Amino acid sequence: MRAARILTPKNILLYILLLATATYFLSNFPVSVEGIGLELSGSTLNDGYMIFYSSVYVDDPDYRIVYHSKDPDRFAVFLDIPNKAKNRPYVIRPGHRQQEVELTALIFCKKLLGLPYPLLRISGRDLAAYIRPCPENTRLIPTQKGIRLRSARGWGPEATFDFHEDKILASVSPSARMGYHLVWGLLFVVSLLVILVVTRIRYGFLQEILHNIFITPTNWKEQRSMHRKSLRLVLPAILLLLLVVVPRSWDNFTHPGLYVEDSTQHFNLFYGNTQKITKIFERPHNYMAVGTHLIGWLTARLDVRIQPTVYLAVAIGMSLLTSLLFSFSGLLRNNISILLAPVVLGTSGIIHVYMWNTLTYQIFVAAIMLLLLLLYPPRSTSSP
Amino acid sequence: MIWSAPYSVLAIPLAAGLLLLRVFPCRQKTLLLLYTIVITFCYFLTLKSGTSRPLQLFTNPLFMQHFTTTLFENIFFLDLFGKMSQAKIMIFLFCLGSCFVLFRKDPLYLKISTLFLLVIVVNLFLYFSSKKYMNYEHWPNHLQISLFFWYCFLIFSLDRMTILLRRNRPPLLLLGWTLLLGICLADNLAHPDKYRVPVMPKIPEFLDTVKKWEEHRQELLAANEYVIIQSDAYWRHFEKNFGPLVRIGSREKTSRPRAWIVISSLPPDKNGKND
C-alpha cells in the first residue's frame with residue numbers, strides 16, 4: 001500500500017527531477033581532469049607559489065598554468081595540463097609575489113565533498129612523453145617511480161621536484177565519468193527515499209513550506225507592534241552591549257590609531273583641508289565610498305590631534321547601531337533575545353575589531369545597516 | 001548608505017526578495033523597496049567595469065571548491081568545527097531542513113530565513129566574482145556580511161522556537177541562549193582579532209609632531225620648503241608607501257625638503273629614512 005503511494009506518477013516525476021538535479025550537481029561540482037594532472041599537495045612546491053609557463057605562450061592566459069596552495073591538507077591541488085597545451089615546452093619558475101598569482105589554471109580537487117573521483121594513474125614515462133620541458137630552463141627526467149622536474153637557474157633559483165607516480169593522474173573516458181555520476185545520483189535518490197520511508201514523512205510539508213514562503217502574505221502589523229514594544233529596551237540593550245564590548249577592546253578603544261587605509265585613503269588624502277568636496281566621489285578601489293570619504297573630508301577640518309579619535313568614534317557609533325538594529329526590527333519576540341542579540345552580533349557577528357575602530361571598514365558596517373533597515377516594518381497600513 | 005559601500009548592491013536581491021515574497025504587502029514599503037532597487041542599481045552602474053568576473057565561479061573549479069568550503073567552514077560552521085566533511089554537511093543540512101519543517105506554519109520565519117540565506121550566499125558570490133579575490137584571501141572582510149546574517153538567522157530561529165513550544169518556553173530559551181553565548185565566547189577566544197589588534201603607540205607622538213610643524217607652516221611656505229612626517233603602518237611595521245604621512249609647507253614643484261621625519265616604533269635603520 002505504502003509502495004503504491006510512493007510510486008504515483010507525480011512522485012516518479014519528483015524522483016526524476018531529483019535524479020537530474022543530483023546528476024547535474026555531481027557532474028558540475030567535482031571537475032573533470034582534462035588531460036594529465038599532477039597532484040601537487042604535499043610536494044615541496046607547497047612551500048611557495050610556483051608558476052608553470054608555457055614558454056611559447058607566456059602571455060596567453062589559456063596556456064599559462066598557475067599553481068597556488070596555502071593549505072595542502074584542505075586543497076588537494078592538481079596542476080592540470082590541458083589537452084590543448086599538450087606537447088608545449090614548459091618551464092618552471094617560482095612566483096614572485098602573491099599579486100602575480102592568477103587563477104587561470106585548471107586546478108582539480110579530488111577530495112571535494114569527500115567524494116572519490118575516477119582517475120587513472122599513469123607512469124612518469126607516459127607523462128614525460130606528454131609534456132615537453134623547455135630545454136634551456138627545465139628538465140623532466142622519468143625516474144623509476146615517477147618523474148623529476150628540475151628548473152635551471154635563470155628565471156628563478158635552481159630547484160628539483162620529484163613526483164611519485166601516485167601523484168600523476170589522467171582523466172577517465174567521458175562515458176566512465178557519466179556512469180560515475182549516474183551511480184552517485186542514484187545513490188542520492190535512494191538515500192532520500194529510504195529516509196522518507198523510514199521516517200514516514202510525506203512530502204506534503206514541502207508544499208506547505210513553499211506555499212508559506214512564496215504565497216502566504218506576512219502579518220507584518222504584528223512585526224510592527226513588536227517593533228514598537230521592543231523600543232523600551234533600547235537603553236538596557238545599549239548598556240549591556242557597551243558593558244561587553246568596551247572592556248573587551250579597551251586598548252583599541254582608548255588608543256585611536258590610523259589603521260589600514262584610514263591612513264592612506266582618509267587621513268593622508270584629506271590632510272590639510274586641501275581637497276575639494278568632489279574628491280569624495282572618487283573611486284580609488286573601483287567603487288565609490290561616499291560616506292566614509294565624506295567623514296574623512298569633514299574630519300580634516302578639525303585639529304589634527306583629534307582626527308583619529310573622530311574616526312574611532314564614528315566607527316564605534318556605526319558598529320553599535322548596527323549591532324542593535326536587528327533586535328529592534330520587530331522580528332524578535334522575547335525580551336531576553338532582544339537584549340542578548342546585540343551582544344552576539346556585536347562580538348561574533350562583527351568579524352574584526354577593525355569594524356569597531358576604523359573608518360575604512362565602515363563600508364561593510366554601512367552595508368549591513370542598510371540591509372537591516374530594509375527589514376524594518378513600514379509605518380503606514382495602506383495596501384499596495 | 002547605498003553610495004557608501006560596494007556591498008550595498010546586496011540591497012537589490014534583498015529588496016527584490018522582500019517584494020516577491022510579499023513580506024510587507026503595503027504601498028509605502030513597496031515604493032521604498034522599489035526606490036532602493038533603482039538607486040542601488042544606479043550605484044551598481046558606477047562601479048568600474050572589468051573589476052569582476054562573475055562567471056569564474058562557475059567555470060573555475062578552484063572557485064567552486066573555495067566557495068563551498070568558505071560557505072560551510074567559515075560561515076555555517078563558524079570556523080569552529082574544523083574542516084568540511086560529508087558527514088558534517090549532512091548533519092548541517094538535516095538541521096537546516098528541520099528548521100524549515102518545524103516552522104512550516106510560520107510564513108514570517110520562512111520568508112525572512114530564506115532571505116537571510118539568500119544574502120549569505122549572494123554576498124559570497126559577490127566576493128568570489130571579484131578580481132581581487134586572491135588579494136583579500138588573508139583578510140576576513142568578505143565573510144562579514146554573510147557571517148552577520150548567519151548569526152541573525154541563528155538568533156531568529158532560537159527566538160521563534162518559543163512560539164512552537166510555549167509550555168516549555170523560559171527553560172528552552174535560556175538553554176538556547178546559553179548555547180549561543182557559549183559559541184560566541186568560543187568564537188572570540190579562537191579569533192582574538194575580533195576584539196584586539198596591537199595598538200599604534202607612536203600615533204600620539206606623530207600627531208603632536210604634525211601639530212608642532214603646522215605652527216611653522218607660514219615660515220615653510222615663505223622659504224618654499226616642506227616637511228614630511230611619517231609613522232608606522234601597523235604596530236612595529238613601517239612601510240614607505242603605507243601608513244600615516246603628511247606634507248606640511250610648500251606644494252610647489254620647485255619646493256625643497258627641509259626634513260623627512262619618521263616616527264616609528266622600529267629602530268631608525270629599519271625605517272628607510274629618518275631625520
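Helices here are DSSP runs of H or I with at least four residues, and strands are runs of E with at least two, numbered from the N terminus. With that settled, I counted 14 helices and eleven strands in chain A. I am keeping in mind that this is a predicted model.

**Chain A overall**

I looked up burial next: 49% of the 384 residues of chain A count as buried. The accessible surface of the chain comes to about 18000 Å², and carbon and sulfur atoms hold 62% of that. Then I checked how far contacts reach along the sequence. Taking contacts in chain A between residues at least 6 apart, 71% of them join residues at least 24 apart.

**Helix α7 of chain A**

Which residues of α7(A) are buried? I found A:Ala237, A:Leu241, A:Val245 and A:Arg248.

**Salt bridges**

My search over all chains gave 13 salt bridges. Side chains of opposite charge can pair when their charged atoms come close.

I started with A:Glu208, which meets B:Arg104 in a salt bridge at 3.4 Å, N to O. This pair crosses between chains: A:Glu208 is in helix α5 (residues 204–214) of chain A, while B:Arg104 is in the loop between α5 (86–102) and α6 (107–129) of chain B. A:Glu208 is partly exposed at 25% relative accessible area, and B:Arg104 is partly exposed too, at 26%.

A:Glu208 also forms a salt bridge with B:Lys105, at 2.8 Å, N to O. B:Lys105 lies in the loop between α5 and α6 of chain B and A:Glu208 in helix α5 of chain A, so this pair joins two chains. Is B:Lys105 buried or exposed? I get 61% relative accessibility, and the cut-off for exposed is over 50%, so B:Lys105 counts as exposed.

Next I went to chain B, where B:Arg258 and B:Glu219 form a salt bridge with their closest N and O atoms 3.0 Å apart. The pair links distant parts of the chain, 39 residues apart: B:Arg258 is in strand β3 (residues 256–263) and B:Glu219 in helix α10 (residues 217–222). B:Arg258 is partly exposed at 35%, and B:Glu219 is partly exposed at 40%.

Last entry: I noted a network of salt bridges linking A:Asp303, A:Arg305, B:Lys211, B:Glu214 and B:Arg217.

Definitions and conventions:
Residues are numbered from 1 along each chain as its sequence is written. Chains are lettered from A and ligands numbered from 1 in the order in which they are written. This is a predicted model: local features need pLDDT of at least 70, side-chain atom pairs count only at pLDDT 80 or more; totals for chains, interfaces and linings use all residues. Side-chain values use heavy atoms; hydrogens and water are left out. Buried means under 20% relative accessible area, exposed over 50%, partly exposed in between (1.4 Å probe, protein chains only). Contact means heavy atoms within 4.5 Å. Accessible areas come from the Shrake-Rupley method with a 1.4 Å probe; for residues, only the protein chains shown count as cover. A salt bridge is a side-chain nitrogen of Lys or Arg within 4 Å of a carboxyl oxygen of Asp or Glu.
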